[in-house]
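Please open the model in your viewer and keep the selection tool at hand.

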Amino acid sequence: MIPDRFFTLQSYAALVLVFIAAVVFSPQRHGEIIFLNPDNLLNIVRAVSEIGIIAIGMTFVILIGGIDLSVGAVLGLSATGIASLLMVSDFGILPAVLLILILGLAFGALQGLISARLGIQAFIVTLAGLQIARALARIWSGGQGVPLAYGEGEGLAPEAFSLLNSRVLGGTVPFPAIIFVTIAIIAVLVMQKTVFARHIYAIGGNERAARLSGVPVMRVKVAVFAIAGLLSAVAGIIHAGQLNQGSPNDGVAYELDAIAAVVIGGTSLMGGVGTVTGTLAGALLLGILNNALALNNIDSNVQLLIKGVIIIAAASLQAFRSPKK
């Protein structure tokens with residue numbers, strides 16, 4: 001069996017290898033390696049911001065031995081909701097954002113409560129949640145996308161919301177990247193410094209033993225799913241701002257990319273072992289891979305094939321983990 005230390009390092013080693021390969025095979029323009037262009041590197045971080053934020057929430061869920069298939073649909077519901085509130089209901093930015101964040105938090109908490117209280121597998125609960133979130137988004141918008149237009153007056157979104165599709169700090173850093181990095185830092189600190197994190201690892205390691213040790217298992221489970229829902233709502237708001245629209249179809253299959261980032265990051269699908277930093281490395285790996293393949297004009301079907309092989313390889317390694325004590 002392979003010790004857990006290997007899985008802690010696998011994502012970082014894989015990230016370095018993929019980065020080196022991206023540099024080596026990058027096309028050049030006027031003698032410059034396009035991949036290493038600062039704008040390109042920042043665009044990678046911007047591109048992975050939504051999946052990265054969702055993957056952080058997914059890490060919490062998988063660490064307790066659960067899964068959340070609804071995160072992509074919650075993103076779509078949140079994107080649709082924020083666009084509708086700003087464009088149709090004439091909400092200001094702050095109340096609209098707060099309402100969507102509360103919606104995502106409540107949706108996730110309700111799924112966690114149903115799973116924990118009724119003893120239903122999270123896979124089933126969140127699969128139903130996926131359908132419900134998509135249905136709510138379609139009902140909210142009449143099944144249509146809601147485009148965002150900025151300005152003053154009725155039927156226009158406040159200009160400040162367009163900041164999500166802009167660059168700051170001298171016009172260099174995409175604003176979604178700043179949100180992503182901020183959330184990542186908070187999540188890392190939570191997982192390294194808090195009792196809540198120790199409870200998460202305890203539940204994922206052995207739920208029965210954790211309960212007998214006095215860990216509030218139900219509260220922790222509800223909180224973990226609430227975090228996943230909240231972060232999906234954050235990603236949905238960013239998504240609407242970046243695409244200047246919200247649609248019920250937004251976020252399709254995002255849950256698969258988020259799970260892929262977590263698995264590549266070395267988190268055990270059985271729960272109890274893994275890190276947020278590993279997940280961040282996994283998300284960046286996928287972002288670099290997507291960017292490098294696009295720069296080399298690799299056929300989109302081949303891109304899917306390559307990513308699929310990498311995910312299978314990372315998941316296959318899970319079979320060689322040392323068994324839980």
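Select helix α2 and helix α6, and look at how α2 passes α6 in a left-handed crossing, a term used when the near helix is turned anticlockwise from the far one by less than a right angle, clockwise being right-handed. This is a predicted model, in which local features need pLDDT of at least 70 and side-chain atom pairs count only at pLDDT 80 or more, while totals for chains, interfaces and linings use all residues. Residues are numbered from 1 along each chain as its sequence is written, and side-chain values use heavy atoms, with hydrogens and water left out.

α2 covers residues 38-63 and α6 covers residues 175-193, and the two pack at an angle of about 20° with their axes 8 Å apart. The helices are therefore roughly parallel to each other, a label given to angles under 35 degrees.

Now select the whole protein, which has 12 helices and six strands, helices being DSSP runs (H or I) of at least four residues and strands runs (E) of at least two. Its C-alpha atoms fill a box of roughly 60 × 55 × 35 Å along the principal axes. Finally, colour by burial: 47% of the 325 residues are buried, that is, under 20% relative accessible area with a 1.4 Å probe.

Methods: Axes are lines fitted to C-alpha atoms, for helices over the stretch in contact, and angles run from 0 to 180 degrees between N-to-C directions. Angles under 35 degrees count as roughly parallel, over 145 as roughly antiparallel, 65 to 115 as roughly perpendicular and the rest as oblique. Buried means under 20% relative accessible area, exposed over 50%, partly exposed in between (1.4 Å probe, protein chains only).
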